[in-house]
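Visitor: I am new to this structure. Please show me how to read it.

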Amino acid sequence: YDAQLYLGHQLIGRSGSPDSLRRSGLNSVGVALAALGLPGKSIETFANGADDPESRLFADMWAVVPAALGLEGFDGRGPGAALRLAEVVDDFHADSLRRARAAWALALAAADAGDDRAFERRMAEVEALSPPDRLGTGRLTTLLYGLEAARRSDWDGALAILSLIHISEPT
């Protein structure tokens, strides 16, 4: 992970780099720190680098999603992350895919908390906001359908649903 950390820091610190390269650097550092067993530092890395709307969304998702997926060491309590994600979903001036990504993160958090009502509401938002892929449904929606099947302990169904994402990839 040393090389990943080094490369990430180089992308973050490079002056004049486009935001997308800086975000890639943040992602590289954050994932490496999480893999090294430092999830708190990982979330801190994203939060400290969040100086534009896309980076803020990514940082807030990083504070919520790993915990919702049960990854060890993540507690999902990034300061204000869920509230900021809800604000993105409700921002009708924001890009629909950004809104869908925020709703998806909140749906995962609701599922983890066992809040079926919130999960269903957020899932409906993801469905409405996600652009369709080649199978006619958005990838984020497909991931939530797979999660819902897993929540019902329908493991075969969950795997079948999630395999659709791989099948829909362009060859």
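Visitor: What radius of gyration does the chain have, and what would a compact globule with 171 residues have?

Guide: The radius of gyration is taken over C-alpha atoms, and the globule rule is 2.2 Å times the number of residues to the power 0.38. For 171 residues that rule gives a value near 16 Å; the chain has 17 Å, which agrees. This is a predicted model: local features need pLDDT of at least 70, side-chain atom pairs count only at pLDDT 80 or more, and totals for chains, interfaces and linings use all residues. Residues are numbered from 1 along each chain as its sequence is written, and side-chain values use heavy atoms, without hydrogens and water.

Visitor: How many helices and strands are there?

Guide: Helices (H or I, at least four residues) and strands (E, at least two) are DSSP runs, numbered from the N terminus. Here there are nine helices and zero strands.

Visitor: Is Leu-5 buried or exposed?

Guide: Buried means under 20% relative accessible area, exposed over 50%, partly exposed in between (1.4 Å probe, protein chains only). Leu-5 has 17% relative accessibility, so Leu-5 counts as buried. Leu-5 sits in helix 1 (residues 2–13).

Visitor: Which residues is Leu-5 in contact with, leaving aside neighbours within four places in sequence?

Guide: Contact means heavy atoms within 4.5 Å. Leu-5 touches Val-29, Ala-32, Leu-33 and Leu-36 in this way.

Visitor: At what angle do helix 5 and helix 6 pack?

Guide: Axes are lines fitted to C-alpha atoms, for helices over the stretch in contact, and angles run from 0 to 180 degrees between N-to-C directions. Helix 5 (residues 81–90) and helix 6 (residues 96–113) pack at about 140°, with axes 8 Å apart.
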